[in-house]
Amino acid sequence: MSLQDTLTELQADVLAQIDQTTELKSLNDIRVNTLGKKGPITEVLRGMKDLTAEERPVVGAFANEIRDNLQAAIETKKAALEAAALNAQLASEALDVTLPGHAVRKGNAHVIQQIIEQLEDQFIGMGYQIAEGPEVEEDKYNFEMMNLPKDHPARDMQDTFYITPEILMRTQTSPVQARTMEQHDFAKGALKMISPGRVYRRDTDDATHSHQFHQVEGLVIDKHITMGDLKGTLLAVAQELFGAKHQIRLRPSYFPFTEPSVEVDVSWGDVDENTKPEDIEWIEVLGAGMVHPNVLTKAGIDPEVYGGFAFGLGPDRFAMLKYGVDDIRNFYLNDVRFLSQFK
Ligand code: PHE
């Protein structure tokens with residue numbers, strides 16, 4: 001067999017091997033075995049010394065051509081195997097960006113807190129300060145200074161959790177009135193404050209009662225405050241919370257710390273100048289009145305010079321009316337399905 005035939009056969013054989021190879025490692029083995037120093041091509045070239053001077057360059061060129069062909073075939077195969085390996089890796093690590101993710105739920109302020117903040121914004125806009133007081137309160141501030149001495153029958157209106165005979169869970173935010181009046185320096189101007197917070201009563205929980213609920217106290221003390229100021233302020237509150245079409249009505253009532261005292265109703269449904277008075281539905285929303293002289297005196301304020309109004313409203317009740325909630329306990333169950341409605 002001529003050297004050319006040997007080389008041609010070798011080429012066919014190696015090309016077949018390359019074709020069948022599926023791994024980079026065995027492809028490299030083929031390269032070393034075929035083109036390396038101990039490989040068959042080197043062997044053929046070594047045998048050239050037995051050729052004639054005319055044959056030598058022809059066979060040499062042929063052998064180089066075969067070697068180049070095989071080298072090129074190996075390179076091509078190598079590139080193909082590397083690409084396949086990369087594709088396989090990409091496929092195995094693939095990230096499906098079209099898969100739906102996990103939504104992060106955003107919380108919201110509690111509905112009662114929302115109402116309190118709305119009122120705070122409104123009253124800050126009218127020049128009021130926000131005052132705070134303790135929930136564990138002294139009998140002195142919760143009752144005595146609010147014109148409710150120990151034997152006063154009106155104490156029965158507010159079933160009280162006592163901690164000691166002198167310490168209790170505050171039954172109302174009114175003690176913050178006493179605390180604020182005590183501190184206020186009238187040389188610096190009128191006292192205008194609201195005080196939102198939790199209050200406690202020894203009630204059995206049901207749809208309309210909770211042993212813990214909220215109040216927002218309001219107090220204004222200055223030299224020429226009238227019931228007209230109180231009514232205008234409460235009308236602004238009702239219209240802020242329920243809408244501009246709502247009216248308010250004052251009915252005589254009794255609180256030990258105000259004289260006269262009123263209960264305040266808000267009109268339900270739309271009311272305009274054509275609505276007949278007998279067609280208006282009224283709902284009671286809060287208690288208020290002109291600050292009792294005894295309350296001023298106990299706080300060291302001269303009732304001959306100063307006077308004012310006070311009110312106490314229940315954000316729980318406001319929220320129930322505003323959103324049609326029929327059970328106050330919903331506000332305290334921490335059921336996110338209920339609470340997340342008020343975004
Ligand atoms: N503190 C009263 C209550 O809890 C409400 C109120 C506050 C009434 C201020 C008049 C003035 O019932």
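**Ligand pocket, backbone exceptions and a buried lysine**

At 18% relative accessibility, K77 counts as buried (under 20% relative accessible area; exposed is over 50% and partly exposed lies in between, with a 1.4 Å probe and protein chains only). The model is predicted: local features need pLDDT of at least 70, side-chain atom pairs count only at pLDDT 80 or more, and totals for chains, interfaces and linings use all residues. Residues are numbered from 1 along each chain as its sequence is written, and side-chain values use heavy atoms, with hydrogens and water left out.

K77 belongs to helix α4, residues 55-92. Helices (H or I, at least four residues) and strands (E, at least two) are DSSP runs numbered from the N terminus. In sequence K77 is 50 residues from L27, yet the two C-alpha atoms are 8.0 Å apart in space.

The next region is one named in a record. UniProt, in an unreviewed entry, lists residues 111-321 as "domain: Aminoacyl-transfer RNA synthetases class-II family profile". UniProt positions are given in the numbering used here, feature names are shortened, and annotations may be inferred rather than shown by experiment. This span is 27% helix and 33% strand, and its end C-alpha atoms lie 12 Å apart.

The ligand sits in the largest pocket. A pocket is an open set of points, on a 1 Å grid over the protein atoms alone, where a 1.4 Å probe fits and protein lies on both sides within 12 Å along at least five of seven lines; a cavity is a set from which the probe cannot get out, and lining residues have an atom within 4 Å of a point. A molecule sits in a pocket or cavity if more than half of its atoms lie within 2 Å of its grid points. Strands β6 (212-222), β9 (281-291) and β10 (307-313) are the elements that give two or more residues to the shell around the ligand. The largest share, 3 residues, comes from β10.

Which residues come nearest to the ligand? Of the 15 around it, they are Q172, S174, R201, Q215 and G312, where near means that a heavy atom of the residue lies within 4 Å. On Q215, a polar side-chain atom lies 2.8 Å from a ligand oxygen atom. The protein covers 92% of the 330 Å² of accessible area that the ligand has on its own, with areas from the Shrake-Rupley method and a 1.4 Å probe.

Strand β8 contains E259. The unreviewed UniProt entry annotates E259 as "binding site", and at 48% relative accessibility E259 is partly exposed. The peptide bond from E259 to P260 is cis, with omega near -5 degrees. P260 is also found in β8, which covers residues 258-268.

Most peptide bonds are trans, and most residues other than glycine have a negative phi. Two asparagines have a positive phi. N147, with phi of about 70 degrees, is found in the loop between α6 (139-142) and β3 (162-164). N334, with phi near 55 degrees, is found in the loop between α10 (315-323) and α11 (336-339). Is each of these asparagines buried or exposed? N147 is buried, because its relative accessible area is 11%, whereas N334 is exposed, at 61%.

Definitions and conventions: A polar contact is a pair of N or O atoms within 3.5 Å; within protein, one must be able to donate a hydrogen and the other to accept it, and residues adjacent in sequence count only if both atoms are side-chain atoms.
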